[in-house]
Amino acid sequence: MPRAGLNKDVLVQAAAEMADEIGFGNLTLAALARRFDVKLASLYSHLENSDDLKVRVALFGLDLLADRAEEAVAGRAGKDALVAVANVHRDFAHHHPGLFEAARHRLDQSAARESGGARVSRITRNLLRGYGLSETDQVHAVRLLGSVFLGYPMLELAGSFAHSDPDARLSWQYALDALDAALRSWSRA
């Protein structure tokens, strides 16, 4: 019999908080059971296994990221939209490091298509409309933007930019200016 008050949503919310506290890689069903002071076996009435938990946390993180990106880009176009979406990724990484890592968890094709990650991709493609790129070039540009939006915060969180001046925030602004310039001149490349 499931413990009163425990359900998938409660467990995923708690697991998302734990991912930010202890790291997504350290998230297990056993750790979640300890958080609720229940036996591990009692979680199996809600979750299949640790991979099921990680997939659910990844989907939760992607939905949260997509929601924030949609809010940030509303009413914006061109460089303003680019900067808004980029800053959502960076801020998300800093405020939710475990969920940021979870958002990169490999999903099966069906889950990926229905996830917040697909929404983030659509948001990114939509912001590229202001740059007049062809469909094929939009694919390349989405990959480039994703590399910066994900890679820069990953390096920053790992401390890779902490050893030298100028401040990494200034380099972030330079990177966004460079992306905007590259996108504006893309068709001439």
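Tutor: Let's start with W172, which is buried, with a relative accessible area of 1%. Keep in mind that this is a predicted model.

Student: How many aromatic pairs does the structure hold?

Tutor: There are two aromatic pairs. In one of them, the ring centres of Y152 and F161 are 4.8 Å apart and the planes meet at 40 degrees, so this pair is tilted.

Student: Where in the structure do Y152 and W172 lie?

Tutor: Y152 belongs to helix α9 (residues 135-157), while W172 is in helix α10 (residues 168-185), so their pair ties together parts that are 20 residues apart in sequence.

Student: Is Y152 buried or exposed?

Tutor: Y152 is buried, at a relative accessible area of 12%. F161 has 27% relative accessibility and counts as partly exposed.

Student: Which residues do the ring pairs link into a cluster?

Tutor: The cluster consists of Y152, F161 and W172.

Student: And which residue lies over the face of F24?

Tutor: That is K54, at 4.9 Å from the ring centre of F24.

Terms used
Residues are numbered from 1 along each chain as its sequence is written. This is a predicted model: local features need pLDDT of at least 70, side-chain atom pairs count only at pLDDT 80 or more; totals for chains, interfaces and linings use all residues. Side-chain values use heavy atoms; hydrogens and water are left out. Rings of Phe, Tyr and Trp (its six-membered ring) pair if their centres lie within 6.5 Å; planes under 30 degrees apart count as stacked, over 60 as edge-to-face and the rest as tilted. Buried means under 20% relative accessible area, exposed over 50%, partly exposed in between (1.4 Å probe, protein chains only). Helices (H or I, at least four residues) and strands (E, at least two) are DSSP runs, numbered from the N terminus. A charge sits over a ring if NZ of Lys or CZ of Arg is within 6 Å of the ring centre and within 35 degrees of the ring normal.
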